[in-house]
Amino acid sequence: MIPPALPPPAIVAPEPGPTVSAALTDANVRVTSAFSGAQIVLYGAVFDPETRPSDVVVIVRGPDQPIRIARKVRVAGLWVNSRPVVFEGAPGFYMAASSRPLTEIASFSTLRRLGAGIDHLPMNAPEEERIETRYGVRDVVVSRLGGDYLDWRRAVIRLKEKADLYATDHEGVRFVDRGLFRAEIDLPTSAPIGEYQTEIILFQDGEPVSRRARTITVEKAGLERWLFLFANERPWLYGIVSVLIALTSGWLASVVFRRR
Amino acid sequence: MDIYLPIAEVSVNAGILVLLGAVVGFISGLFGIGGGFLMTPILLWMGIPPVVAVASEANHVAASSASSVISYSRKRQVDFRMGGVLAAGGAVGALLGVEVFRWLRLMGQADLVVSLSYLIFLGLIGGLMLVESVGSVLRQRRGQPPAKRRDRRPVWLYGLPFKVRFPRSRLYISVIPPVILGVFVGILSAIMGVGGGFILVPAMVYILRMPAGVVVGTSLFQIIITTSLASILQAGRNQSVDIVLATLLLLGGVLGAQFGARASSRFRAEELRALLGLIVLIMGLQMGLVLFITPEDPFILVGSGK
C-alpha cells in the first residue's frame, strides 16, 4: 500500500500562536513471521513564542473492531456465558498518553468533545438499545443493559487493557528538553491490522490550541501477507492445498520409515 | 524461535509446536487414535483462538492418521468398505458440524458446548475404558480366565433394512447404524477439533461388533476422510485453517506417529487401553473443570472480528 501523500509544506509564515509538531520513528509496521509486537517512538516539539505551561496528549486509535463480550452466569451449578453483547465503535487498539493526568489537563466536557481518554471512547451497544417515549419525552435511547451498562463498558476496557490493547499512561509523554517531548507506542502481537490514527494535541490553560495528526500503518508483509490473502481470497483452494500437504507428509513419513 | 501465525494472529514458539506434535503423534500411533482430543485443548491453553485451533487441528489429525493407516493397511487391518460407509455419514456430520459451530460462535456458546462435549464424551468413555481394562488386567494378574465376551449380536443390528456385506469385518448388517455413527462423529470432529477415534473405536467393538483386529485401522481410515473434509470446509466457510500452525504440528506428528506405532507392539492391549482411558478421562475432567470454577473475571470477550 502506498502511504497517503503528505500535504505540501505550508509556505505561509508560521502562525503567531503556539503550535505542536511531531514525527514517528516508524510509520509503517510490517507484520512478518518474526513479528512479536512493535515499539514506535513519537517525538515532537512545542513551538511557542511565549513560555506558557504546555501539556501534550498523544492519542493512538487503531482500526474499529466490534467487540463481543459475554457475562459468566451460573445456571444449574454450571458457569455459562450469557448472550453476548456487541459493542460498536470501539477501536481495536487505543492508547492515551499524556504529560499529566488527563483530568488535570482539561475539563470533562473538553475531553469528551475530543474523545480523549478511555472514558470518552464513543462506543455503545446499538443492538441492545431501543428508542421510546419516557415521561412524555420522545426519542429517548434506552439500553436493555439498564443500570449494568457501565459494568459492561468497564469490563470491555478492563479485558482490553489486560490484553495490552488499551492503555492509559499519565506519564507517557515526557519532555526531554524545553519544548521537546517524546512518547512510546507499544503494539502487542495481537494488535489489529490496519491504519492507526495518531493525534497529538497541545493544551494550554485547559484548551486545545494546536493539533497534529499522523498515521501508522500496520500491515502483513512477505509470506504472512501472501498466506493471509490466499486463505481469504481462495479459501477452498487453500483448504485443499492444506489437506494435500497433510496427507502427503503422512504418506511420506510412512514410506521413509518402511525403508529403514 | 517465535513465529507469528498468519491466520491465528498470535506469536508462538515453533519448537514447542513441533515437539507437541511429536508427543501427540507418538500417543496417536501408540493407541491408533487421531490425538485431537489432546492437541486441541493444548492449543487453546497456548492462546490460539478456538476457531483456528479446531480447524487447524483437523488438518494435523488427517496427517498423523494418514501416517499410521498405511502400515495398518499393509497388514490388511483396514475394512475399506466399512470405513467408506462411516465416512459417508462423517461427511454429512462434518457439514452439519461446521454450520452448528458457526451458529454457536455467534450465540457466544461455543466455549460452553466445547467444554461440555469434552466433559461428557471424554469423561464417559475414559471412565468406561478405565474400569473395563483395569478389570481385565486384574483378572489376568490373579490368573482368572478373561471375562466371557457376550457374543450374541443385538437383534436390531440385523432387523434393519439396507443390509450390506462387510467381508473384512465378517459382518452382514444394515448400513444404518454405521451411517448414524459416522454422522455423529463428523459433527464432533467439527465442533471439538477431534477425529473421533476415541468414540469410534469402542462403538465399533461394542455396537457394531467388529473384530478387534480391523477396528483401529478402519477408524483411522474414516478419520482421514472426515477430518480432511472438515478441514476443507473450515477453510472454505470460516477461513480459519492456519497452514503454518498445521504444518508445524504435523512435522512432529507424522514422525511421532511412526515411533508410536512401533512402540505399541511392546505393550499388552489391556494395559494400553487402561492408559488411554486414564488420559482420556483426565483430559475430559480438565476441560470440564472450567464449568465449575468461579471465574476470575465475570466478563469474557468472545471473539471479535472473525
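In chain A, strand β4 (residues 55-61) pairs with β14(A) in the antiparallel sense over 7 bridges, where two strands are said to pair if DSSP finds at least two bridges between them, and where helices (H or I, at least four residues) and strands (E, at least two) are DSSP runs numbered from the N terminus. The model is a predicted one, in which local features need pLDDT of at least 70 and side-chain atom pairs count only at pLDDT 80 or more, while totals for chains, interfaces and linings use all residues. Residues are numbered from 1 along each chain as its sequence is written, and chains are lettered from A and ligands numbered from 1 in the order in which they are written.

Strand β14 (residues 194-204) of chain A and β15(A) run antiparallel and are joined by 11 bridges. The two strands form a hairpin with 2 residues between them, in which Asp205(A) takes a positive phi near 55°. These strands belong to an open sheet of 6 strands, with mixed pairing, in the order β2-β15-β14-β4-β8-β11 of chain A. The edge strands of this sheet are β2 (28-31) and β11 (166-169) of chain A, each of which pairs on one side only. Direction ignored, neighbouring strands of the sheet are turned against each other by 15° on average, the axes being lines fitted to C-alpha atoms, for helices over the stretch in contact, with angles running from 0 to 180 degrees between N-to-C directions.

Ile216(A) lies in strand β15 (residues 207-220) of chain A. This residue counts as buried because it has 23 C-beta neighbours inside 10 Å; a residue is buried if 20 or more other C-beta atoms lie within 10 Å of its own, exposed if 12 or fewer, and partly exposed in between, with C-beta atoms placed from the backbone. When neighbours within four places in sequence are left aside, Ile216(A) is in contact with Leu24(A), Ala27(A), Val29(A), Ile40(A), Tyr196(A) and Thr198(A), a contact being a pair of residues whose C-beta atoms, placed from the backbone, lie within 7 Å. From Ile216(A) to Ile200(A) the separation is 16 residues in sequence and 13 Å in space, C-alpha to C-alpha.

For chain A as a whole, 5 helices and 15 strands are assigned, and buried residues make up 30% of its 260 residues. Of the contacts in chain A with a separation of 6 or more, 67% are between residues 24 or more positions apart.

Between the two chains, 46 residues of chain A are in contact with 46 residues of chain B. On the side of chain A that touches chain B, two or more residues are given by each of β5 (67-75), β6 (78-81), α3 (149-162), α4 (222-233) and α5 (235-259) of chain A, and the largest share, 16 residues, comes from α5(A). By class, this side of chain A has 27 nonpolar, 13 polar and 6 charged residues, where Ala, Val, Leu, Ile, Met, Phe, Trp, Tyr, Cys and Pro count as nonpolar, Asp, Glu, Lys and Arg as charged, and the others, Gly among them, as polar.

In chain B, helix α3 (residues 50-74) and helix α10 (residues 243-263) pack at an angle of about 30°, with their axes 8 Å apart. The helices α3(B) and α10(B) are therefore roughly parallel to each other, since angles under 35 degrees count as roughly parallel, over 145 as roughly antiparallel, 65 to 115 as roughly perpendicular and the rest as oblique. The residues of this contact of α3(B) with α10(B) divide into 8 nonpolar, 9 polar and no charged. Helix α4 (residues 80-106) and helix α9 (residues 212-238) of chain B likewise pack at an angle of about 30°, with their axes 8 Å apart, and α4(B) and α9(B) are therefore roughly parallel to each other. By class, the contact of α4(B) with α9(B) has 13 nonpolar, 7 polar and 2 charged residues.
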